[in-house]
Amino acid sequence: ATMSCEQFVLSEGVSYQAFGGDEDGVMLSMQSGYLYRCNSTALCLLDRLRDGATVGELQSQLESEYELAESQARDDARQFIDHLVAEKLARRVAA
């Protein structure tokens, strides 16, 4: 299976909050105690992840919302997921 079909969810104890409007937001990991600043793009992707989006769906979101080229959206979606997984903020859902 290609990565675009892989599904990810936020890890237990991870929550995030937008500040409203076009403002940034924050994400909190209860396990690590770390607070992460999130820009509006990250918050948009987190909303999709909360609903169990695949990497391909995140890519499509970036393409439509931010008018990114397919290759750029794919790279951005993968980097976003890789970062979340590395920080233990998200995990892959077993197929």
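What covers the buried residues of H1? The cover of helix H1 includes strand S1 (7-10), strand S2 (14-18), strand S3 (25-29), strand S4 (35-38), helix H2 (55-66) and H3. The model is predicted: local features need pLDDT of at least 70 and side-chain atom pairs count only at pLDDT 80 or more, whereas totals for chains, interfaces and linings use all residues. Residues are numbered from 1 along each chain as its sequence is written, and side-chain values use heavy atoms, with hydrogens and water left out.

## Overall architecture

Three helices and five strands make up the secondary structure of the chain; helices (H or I, at least four residues) and strands (E, at least two) are DSSP runs, numbered from the N terminus. Along the sequence, these elements follow the pattern β-β-β-β-α-α-α-β. The chain is as compact as a globular protein of its length, because its radius of gyration of 13 Å is close to the 12 Å that the globule rule gives for 95 residues. That radius is taken over C-alpha atoms, and the globule rule is 2.2 Å times the number of residues to the power 0.38. Taken along the principal axes, the C-alpha atoms fill a box of roughly 35 × 35 × 20 Å.

Of the 95 residues in the chain, 36% are buried. Buried means under 20% relative accessible area, exposed means over 50%, and partly exposed lies in between (1.4 Å probe, protein chains only). Among contacts between residues at least 6 apart in sequence, 47% join residues at least 24 apart, where contact means heavy atoms within 4.5 Å.

The buried residues of H1 are Ala 42, Leu 43, Cys 44, Leu 45, Leu 46 and Leu 49. At the start of this helix, a side-chain oxygen of Asn 39 comes to within 3.1 Å of the backbone nitrogen of Thr 41. Just after H1, Gly 52 adopts a positive phi of about 80°.

Helix H1 (residues 40-50) packs with helix H3 (residues 70-86) at an angle of about 75°, and their axes are 12 Å apart. Axes are lines fitted to C-alpha atoms, for helices over the stretch in contact, and angles run from 0 to 180 degrees between N-to-C directions. H1 and H3 are therefore roughly perpendicular to each other; angles under 35 degrees count as roughly parallel, over 145 as roughly antiparallel, 65 to 115 as roughly perpendicular and the rest as oblique. On the H1 side, the contact is made by Ala 42, Leu 45, Leu 46 and Leu 49, and on the H3 side by Phe 80, Ile 81 and Leu 84. These residues divide into seven nonpolar, no polar and no charged. In this grouping, Ala, Val, Leu, Ile, Met, Phe, Trp, Tyr, Cys and Pro count as nonpolar, Asp, Glu, Lys and Arg as charged, and the others, Gly among them, as polar.

Ile 81 of helix H3 counts as buried, at 1% relative accessibility. Apart from residues up to four places away in sequence, Ile 81 touches Met 3, Phe 8, Leu 49, Val 55 and Leu 58. Ile 81 and Val 55 are 26 residues apart in sequence, with their C-alpha atoms 7.7 Å apart in space.

Helix H2 contains Gln 59 and Gln 61. Gln 59 is buried at 9% relative accessibility and touches Glu 70, Ala 73, Arg 74 and Ala 77, residues up to four places away in sequence not being counted. Gln 61 is buried, with a relative accessible area of 13%. Leaving aside neighbours within four places in sequence, Gln 61 is in contact with Cys 44, Leu 45, Arg 48 and Tyr 66. The side chains of Gln 61 and Arg 48 are joined by a polar contact of 2.6 Å. A polar contact is a pair of N or O atoms within 3.5 Å; within protein, one must be able to donate a hydrogen and the other to accept it, and residues adjacent in sequence count only if both atoms are side-chain atoms.

## Exposed loop residues

| Residue | Loop | Relative accessibility |
|---|---|---|
| Gly 21 | between S2 and S3 | 78% |
| Glu 67 | between H2 and H3 | 72% |
| Lys 88 | between H3 and strand S5 (90-93) | 60% |

Glu 67 has a phi near 55°, a positive value in a residue other than glycine. Lys 88, also a residue other than glycine, has a positive phi near 60°. Gly 21 and Leu 35 are 14 residues apart in sequence and 20 Å apart in space, C-alpha to C-alpha.
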